[in-house]
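Work through the exercises below with the sequence and coordinates at hand. Each task is followed by a solution in steps.

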Amino acid sequence: MSELHKEVSELERKSATAARLFDIRRIIGGLFVVYGVIVTIAGISPSDADLKKAEGVHINLWTGLAMLALGLFFLVWMKLRPAEAPAAPEAEREPGSDTA
């Protein structure tokens with residue numbers, strides 16, 4: 001293998017790693033999990049005034065659990081279907097390369 005081909009392969013590998021690292025599903029899922037845990041903890045033992053305002057519904061508990069479920073959904077989705085680095089356009093590929 002030529003030195004240039006090794007460099008290109010290394011850059012493609014780094015690009016794929018960067019694409020996975022900055023996957024928006026990781027950010028959204030992580031935030032929903034963190035906020036879901038906080039809201040769920042706040043909703044476990046509401047005050048009587050909070051329950052009266054929400055007409056007897058444990059709204060913080062249910063909202064926190066829903067946020068937690070949504071965040072976990074995003075993280076599982078990211079794990080099952082990882083992001084792939086964008087393919088190089090045909091014009092930039094070297095003739096004879098078999099990267100398709």
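**Exercise 1.** Which residues are exposed on the other side of α2?

Solution. The model is a predicted one.
- Step 1. Take the span of helix α2, residues 24-44.
- Step 2. List its buried positions: Arg25, Gly29, Val33, Gly36, Thr40 and Gly43.
- Step 3. Look down the axis of α2: the buried residues fall within an arc of 105°, so they line one face of the helix.
- Step 4. Turn to the other side of α2, where Ile24 and Ile41 are exposed.

**Exercise 2.** Compare the end-to-end reach of α2 with the expected span.

Solution. 
- Step 1. Count the residues of α2, which number 21.
- Step 2. At 1.5 Å a residue, a reach of 30 Å is expected.
- Step 3. From the first C-alpha of α2 to the last, the model gives 30 Å, close to that expectation.

**Exercise 3.** Classify Asp23 as buried or exposed, and find a polar partner for its side chain.

Solution. 
- Step 1. The relative accessible area of Asp23 is 9%; buried means under 20%, so Asp23 is buried.
- Step 2. The side chain of Asp23 makes a polar contact of 2.7 Å with that of Arg25, one of the buried residues of α2.

**Exercise 4.** Identify the nonpolar surface patch that includes Tyr35 and classify this residue.

Solution. 
- Step 1. Locate Tyr35 in helix α2.
- Step 2. Tyr35 has 45% relative accessibility and therefore counts as partly exposed.
- Step 3. Together with Ile24, Ile27, Leu31, Val34 and Ile38, Tyr35 makes a nonpolar surface patch of about 570 Å².

Key. Residues are numbered from 1 along each chain as its sequence is written. This is a predicted model: local features need pLDDT of at least 70, side-chain atom pairs count only at pLDDT 80 or more; totals for chains, interfaces and linings use all residues. Side-chain values use heavy atoms; hydrogens and water are left out. Patches are made of residues with over 30% relative accessible area and no salt bridge: like charges are joined within 9 Å, nonpolar side chains (Val, Leu, Ile, Met, Phe, Trp, Tyr) within 5 Å. Accessible areas come from the Shrake-Rupley method with a 1.4 Å probe; for residues, only the protein chains shown count as cover. A salt bridge is a side-chain nitrogen of Lys or Arg within 4 Å of a carboxyl oxygen of Asp or Glu. Helices (H or I, at least four residues) and strands (E, at least two) are DSSP runs, numbered from the N terminus. Buried means under 20% relative accessible area, exposed over 50%, partly exposed in between (1.4 Å probe, protein chains only). A polar contact is a pair of N or O atoms within 3.5 Å; within protein, one must be able to donate a hydrogen and the other to accept it, and residues adjacent in sequence count only if both atoms are side-chain atoms. The expected span of a helix is 1.5 Å times one less than its number of residues. The arc is that of the directions from the helix axis to the C-beta atoms.
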